[in-house]
Amino acid sequence: MPREPLPFATGDVSALAKSLRSQWASRAAPPGPGGSHVPSHLEMLNMLARAAGHRNFQHLRARLASGPRVGQAAQDPPAQAGSAIVLRAARYFDPQGRLGRWPAQRSIQDLCLWAIWSRIPPRRSFDEREISAVLARLHLFGDPAILRRTMCHTGLMTRSQDGRDYRRIERAPSPDGAALIRHLRERAP
């Protein structure tokens with residue numbers, strides 16, 4: 001059976017490269033000669049998809065299956081601030097844009113993280129205490145560690161091995177993430 005070509009586009013190739021580099025560096029190397037291995041085909045597809053703002057390759061493929069084909073525009077249409085998932089995620093934030101509680105549903109967590117990410121100063125290095133202070137101002141439930149860990153895990157932030165250097169990864173938010181960021185800015189007092 002022939003493979004169906006899937007279009008892939010990114011708004012910022014530099015951010016894509018940085019995300020790929022940090023994902024590659026954060027992979028646990030299996031034991032063996034030299035302690036390194038080349039990622040499998042699927043691992044590489046997942047890294048590319050995450051770098052472009054998707055959860056994984058399956059999520060990217062599902063988005064493309066319902067959207068444009070090769071030869072057409074490959075960008076997702078911008079999400080509307082009134083879409084159901086964006087409005088559900090917005091309910092977790094107070095009028096000042098602080099996250100009131102940690103959502104149970106993963107897709108809502110991911111959206112909320114985009115809103116938090118957008119308020120972290122770009123192109124700046126933080127130690128653990130500094131990034132925790134920034135995150136403490138952006139949420140109300142008193143657990144900056146869960147935000148730090150999840151942002152590093154989802155590729156929104158990078159962390160050095162010793163935990164002394166945290167940086168926001170510069171990339172374009174997902175369409176729903178961008179819609180949530182816009183929605184929260186519009187409703188701010």
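## A tour that starts at one bridge

Start in strand E3 and select Tyr166, which is the bridge partner of Arg159. Helices (H or I, at least four residues) and strands (E, at least two) are DSSP runs, numbered from the N terminus. The model is predicted, so local features need pLDDT of at least 70 and side-chain atom pairs count only at pLDDT 80 or more, while totals for chains, interfaces and linings use all residues. Residues are numbered from 1 along each chain as its sequence is written, and side-chain values use heavy atoms, leaving out hydrogens and water.

**The sheet.** Now select E2 together with E3 (residues 166–168): the two pair in the antiparallel sense over 3 bridges. Two strands pair if DSSP finds at least two bridges between them.

Axes are lines fitted to C-alpha atoms, for helices over the stretch in contact, and angles run from 0 to 180 degrees between N-to-C directions.

**H6 against H7.** Next, show H6 (residues 128–138) with H7 (residues 144–153): their axes come within 9 Å and cross at roughly 105°. The two helices are therefore roughly perpendicular to each other (65 to 115 degrees; under 35 is roughly parallel, over 145 roughly antiparallel and the rest oblique). To see the contact (heavy atoms within 4.5 Å), select Glu128, Ile131, Ser132 and Leu135 on H6, then Pro144, Leu147, Arg148 and Met151 on H7. These residues divide into 5 nonpolar, 1 polar and 2 charged. Here Ala, Val, Leu, Ile, Met, Phe, Trp, Tyr, Cys and Pro count as nonpolar, Asp, Glu, Lys and Arg as charged, and the others, Gly among them, as polar.

**Two aromatic stops.** The whole structure holds 2 aromatic pairs. Rings of Phe, Tyr and Trp (its six-membered ring) pair if their centres lie within 6.5 Å; planes under 30 degrees apart count as stacked, over 60 as edge-to-face and the rest as tilted.

- Select Trp102 and Phe141, a tilted pair at 6.4 Å centre to centre with 45° between the planes. Trp102 lies in the loop between H4 (84–90) and H5 (106–118), and Phe141 in the loop between H6 and H7, so the pair ties together parts that are 39 residues apart in sequence. Phe141 is partly exposed, at 26% relative accessibility.
- Select Trp114 and Trp117, whose ring centres are 5.1 Å apart and whose planes stand at 85°, so this pair is edge-to-face. The two are 3 residues apart in H5, about one helical turn, and both are buried.

Buried means under 20% relative accessible area, exposed over 50%, and partly exposed in between (1.4 Å probe, protein chains only).

**Two backbone stops.** Move to Arg123, in the loop between H5 and E1. Its phi is near 50°, a positive value in a residue other than glycine. Most residues other than glycine have a negative phi. Arg123 is exposed, with a relative accessible area of 71%. On H2 (residues 41–51) itself, the buried residues are Asn46, Met47, Ala49 and Ala51.

**Zoom out.** Show the whole protein chain: 8 helices and 3 strands. Of its 189 residues, 39% are buried.
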